[in-house]
Amino acid sequence: MSRSDPLIGLGVLLVLFGAMALSSLGFPTRARFYPLFVGVLGVLLASGEMWLVMRAAARSDADAKPARPVESGPPPVALARAFRDVVPYLLWLVGYLAAIALVGMMTASGLFVSAFLWREGDVSAVRAGLGAVAVVVLLLVVGSVFSLQWPGALFDPFAQLGVL
Amino acid sequence: MIEGILQALLTLLRPVNLLFMLGGVAVGMAVGILPGLGGTVGLSLLLPFVFGMEQEPAIAMLIGMAAVVHTADTFPSVLLGVPGSSGSQATIMDGYPMARRGQADRALGAAFFASMTGGLIGAVTLLLILPLARPLVLAVRSPELFMLALLGLSMVGILSGKHPVRGGLMAALGLAIAAIGAAPATPFYRFTFDQLYLYDGVPLAVLALGLFAVPELLELLVSGSAVTDRDAAVVGRGWRQGLADVIREKWLVFRSAVLGVAVGFVPGLGGSVVDWISYGVAAQTSSGGEGFGNGDVRGVIAPESSNNAKEGGALIPTLLFGIPGSGTTAVLLGGLVLLGLQPGPRMIHDGLGVTLLIVWSLALANVFGALACVAASGFVARLATVRASRLAPVLLVVMLAGAYQSTRSWGDIVAFVLLGLMGWVLRRLGFPLPPVLIGFVLAASIERNLWISMTRYGWSWLTDPGVLLIGVATVALTAFGVHLNRREPS
């Protein structure tokens, strides 16, 4: 990740915690104490971590060593670039959610799974279709056994047919 | 007493009672494997069937289900890095890295045998302590509950490795998210932005699924890989190594189970706390604890042993006082009342036969559930070798379905996505995510018990022996953990 990424993230957290503390001042007494304490704590910790990050960056400049390392997780790539890599999958997710709102969970899940497997999973259309059917059957069985409920939709063919 | 114990065992071994117990075990396994459901959903499912049933098979079924959820919830935690239920969050810390190294079988085997042993220890402890527990339960008041919540929060330092400030910041974020919704001390809604969905706060299942599952799925999709390589996957025989690990770490299993019983014994603390506390204590007190978080099998054994043992501890206040220790035991309590049982001190005297049946059901269900999970682990572990682009759509559908059951509104889905994005960004920036969950689950206990303590006792509660004891333990564990982390090589 780039050097500015953690600082930007910490800056956002600093603003959020500060806003939390300030807005809590307008709460009734019994509701105020906890968010005020957490907000102040968050501001202090975010400020402290920002100072540590900047100090480590300054030292790495001086010593030509890597800056403050990440604890764990993916390889260091700038956040903006990493987000660009993720955008296609987020669009798939948004499309799936839109489909749920339009045609219901069962139909949307079948369409989503088959399309994703075929397009991204490099699977044949027949196998993608079979996968979609398996997922829909799983949802129907589990939903029936556990009395699960599904999000409302504009036109849900399964609900229209009385299956749900 | 011995006769009563044997009689209860014979009662459970009657074919009809055994059959219903195994049915409960099957439901518990299904509920545990599916992320986002949890023991409360499973028990709620079985409650309607309890109507009109005889006591013995109904009790066997209910306890059978409750006992096994925290065994089967290891599957998604280890294989996919997604918590199967609130009690398996800490298992992800080491179980998932083990799966990525091709040791999914070993991790699952260790988890199941640790769960089985912990559950048995919980059942035995329940049997032994029940007659003696009444004064202990009465001694736990709001100041002790507040201090125990702080003890849980202190685990954040251990889980943050060499960056405790970062971990503390994430715990504060969890505390902040928990502030959304109704204030516990007064009728006032905080940070809801006039959204009806937020009036009850953010559901734990949605937060856990979003924080852990979405970032992991996105990273796997971008990398184009599977959880582990097919060539590196060890399938079929690794569970024996897991069993050997449990036998080798028998003292860790035992003390984690004792800790689980002790935490479960405290009403209101909940299952999502015990595994973190157990994990943190194990990391601090085990030699070579710096390996925790990188695929150390002890990081799987400790929380799995404690979260099963916790059920035995939670049944003590539930049976003795009708005070449920968690959502699961609250529903279980409802089931016992439906069966005509009256939880209270009479359970030890007049209702001893039923109580002993509960103990045996807990013990045998743990054994059967663990063996069934071991039998299934070789097959299920192969899921870890499936490419992310083929596994992700199915997982996403299942997780969305699970997340939606929290409040059954579109808000669950929106929150799942937004929290998932937040988790991805935080992970990308190198912030640890487990402390967010810890702060979130402990927040309610912290605020509520602090207010009750201050209102009832003023400042005098700070000098109570129980408070001081837990405070000293918290400071000692935290200091020891910081000392251990400083000794780690850079």
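Start with B:Arg240. This residue is found in helix H12 of chain B, residues 238-248. Helices here are DSSP runs of H or I with at least four residues, strands are runs of E with at least two, and both are numbered from the N terminus. B:Arg240 is partly exposed, because its relative accessibility is 47%. Buried means under 20% relative accessible area, exposed means over 50%, and partly exposed is in between, with a 1.4 Å probe and protein chains only. Now find B:Gly291, 51 residues from B:Arg240 along the chain. Their C-alpha atoms are 22 Å apart.

A word on ground rules. This is a predicted model, where local features need pLDDT of at least 70 and side-chain atom pairs need 80 or more, while totals for chains, interfaces and linings use all residues. Residues are numbered from 1 along each chain as its sequence is written, chains are lettered from A and ligands numbered from 1 in the order written, and side-chain values use heavy atoms, without hydrogens and water.

Next, aromatic rings. Rings of Phe, Tyr and Trp (its six-membered ring) pair if their centres lie within 6.5 Å; planes under 30 degrees apart are stacked, over 60 edge-to-face, and the rest tilted. How many aromatic pairs does that rule give over all chains? The count is 16. One of them is A:Phe27 with B:Phe188, tilted, at 5.0 Å centre to centre and 55 degrees between the planes. This pair crosses between chains. A:Phe27 sits in the loop between helix H1 and helix H2 of chain A. B:Phe188 sits in the loop between strand E1 and strand E2 of chain B. Buried or exposed? A:Phe27 is buried, at 11% relative accessible area. B:Phe188 is partly exposed, at 25%.

A:Phe83 and B:Trp424 also form a tilted pair, 6.0 Å centre to centre and 55 degrees between the planes. A:Phe83 lies in helix H3 of chain A and B:Trp424 in helix H19 of chain B, so this pair joins two chains. A:Phe83 is partly exposed, at 39%. B:Trp424 is buried, at 1% relative accessibility.

A:Tyr89, A:Trp92, A:Tyr96, A:Phe112 and A:Phe116 form one aromatic cluster.

Last, charges over rings. That takes NZ of Lys or CZ of Arg within 6 Å of the ring centre and within 35 degrees of the ring normal. The charged end of B:Arg141 sits over the ring of B:Tyr457, 4.9 Å from its centre. For B:Arg166, the ring is that of B:Phe431, with 5.8 Å to its centre.
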